[in-house]
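Hi there,

Here is the structure I promised to pass on. Please have a look at it first, and then read my notes below.

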Amino acid sequence: MVRVGIGDDLAVLDWPSGLLLAGVDQCLDGVHVDSKVHSPRAIGKKATNRSLSDCAGMGSRPVAALIAAALPSGCGLDYAKEIYFGAQEAAAAQRCAIIGGDTASWGYPLAVSVTVLGQSAGAGPILRGTARPGDRLYVSGSLGGSVLGRHMTFAPRIELGVRLAENGGVHAMMDISDGLSRDLPRLLGPEGSALGAVIDARAVPIHSDAEELSRRDGRPALEHALHDGEDYELLVAGTELPMPGLIEIGAVTATPGIILEVDGKRTILQPLGWQHRL
Ligand SMILES: [Mg+2]
């Protein structure tokens with residue numbers, strides 16, 4: 001599919017008839033990564049997986065990616081290569097080719113941006129804002145506390161996203177990057193959407209990292225699961241989807257607002273999602 005990869009002015013790809021999906025994500029030092037702690041390889045990997053996770057959120061397969069890195073002056077060629085190798089590792093794991101890149105040096109912190117090109121699978125692309133009242137809501141894994149390390153090492157849910165797109169019962173889908181409480185309203189539609197949701201607090205899968213963070217900071221683990229970010233799990237609305245890997249957490253309602261049900265009591269779930277910080 002890649003006719004001309006890195007080396008010419010632009011890459012050249014064969015593209016089958018159908019839809020081209022495209023997106024870009026940035027990874028900024030001090031915001032999404034910490035170059036004092038994380039290796040350049042881990043940073044390249046995360047930067048790439050963030051973009052690949054958006055493919056998963058659409059039920060699409062990544063085909064090719066391009067990476068641009070702005071390096072703080074003083075970073076050598078080896079540092080840039082390590083970022084590339086990390087990106088390469090993440091992309092290869094999803095059979096995605098890195099087809100271009102650019103590096104430049106400047107007097108500011110590290111910034112890595114990855115553009116991804118994808119192809120939709122099955123009935124995809126699966127969009128946001130297309131859920132229906134009565135839809136069930138699912139997540140693809142336990143949530144919260146990713147700042148303890150998972151935010152660097154997660155694997156994008158491409159295969160699950162593709163299987164869901166092929167299933168047909170999925171009406172809306174996205175990946176959770178900013179926390180369930182912030183991303184769920186986005187799944188339901190633009191601001192002012194007529195749809196809402198009810199979440200059953202007991203059904204929300206809490207990651208052991210969220211429990212660990214809770215022990216450290218005294219905040220309930222459920223709050224970490226609802227509000228922390230960078231889970232990179234899928235958030236899915238659809239008909240009954242008895243698919244391994246999906247956990248049902250609630251339902252879409254015909255009235256706006258996100259309701260959290262705790263022991264029969266209903267409260268409004270405020271979007272306190274993660275403000276990308278380390
Ligand atoms: Mg996303």
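This is a predicted model: local features need pLDDT of at least 70, side-chain atom pairs count only at pLDDT 80 or more; totals for chains, interfaces and linings use all residues.

Alanine 197 stands opposite valine 252 in strand S11.

S9 covers residues 196-200, and four of its five residues are buried. S9 runs antiparallel to S11 (residues 247-253), with four bridges joining the two. S9 also pairs with strand S12, this time in the parallel sense and over five bridges. In that pairing, isoleucine 199 is found opposite leucine 260.

Now to the pockets. The largest pocket holds about 410 Å³ of space. Its lining is made up of 20 residues, and those nearest the centre are Ile6, Ile67, Gly100, Gly101 and Asp102. Strand S4 (60-72), helix H2 (77-93) and strand S5 (97-106) each contribute at least two residues to that lining. By type, the lining has 11 nonpolar, five polar and four charged residues.

The second largest pocket has a volume of about 280 Å³. It is lined by 16 residues, with Pro185, Gly189, Pro190, Glu191 and Gly192 closest to its centre. Helix H5 (180-188) and strand S12 (257-262) are the elements that give two or more residues to this lining, and H5 provides the largest share, with three. Here the lining divides into nine nonpolar, five polar and two charged residues.

Best wishes

Notes
Residues are numbered from 1 along each chain as its sequence is written. Side-chain values use heavy atoms; hydrogens and water are left out. On a 1 Å grid over the protein atoms alone, a cavity is a set of points where a 1.4 Å probe fits but cannot get out, and a pocket is an open set with protein on both sides within 12 Å along at least five of seven lines; lining residues have an atom within 4 Å of a point. Grid points are joined across faces, edges and corners, and a volume is the space filled by probe spheres set on the points. Ala, Val, Leu, Ile, Met, Phe, Trp, Tyr, Cys and Pro count as nonpolar, Asp, Glu, Lys and Arg as charged, and the others, Gly among them, as polar. Buried means under 20% relative accessible area, exposed over 50%, partly exposed in between (1.4 Å probe, protein chains only). Two strands pair if DSSP finds at least two bridges between them.
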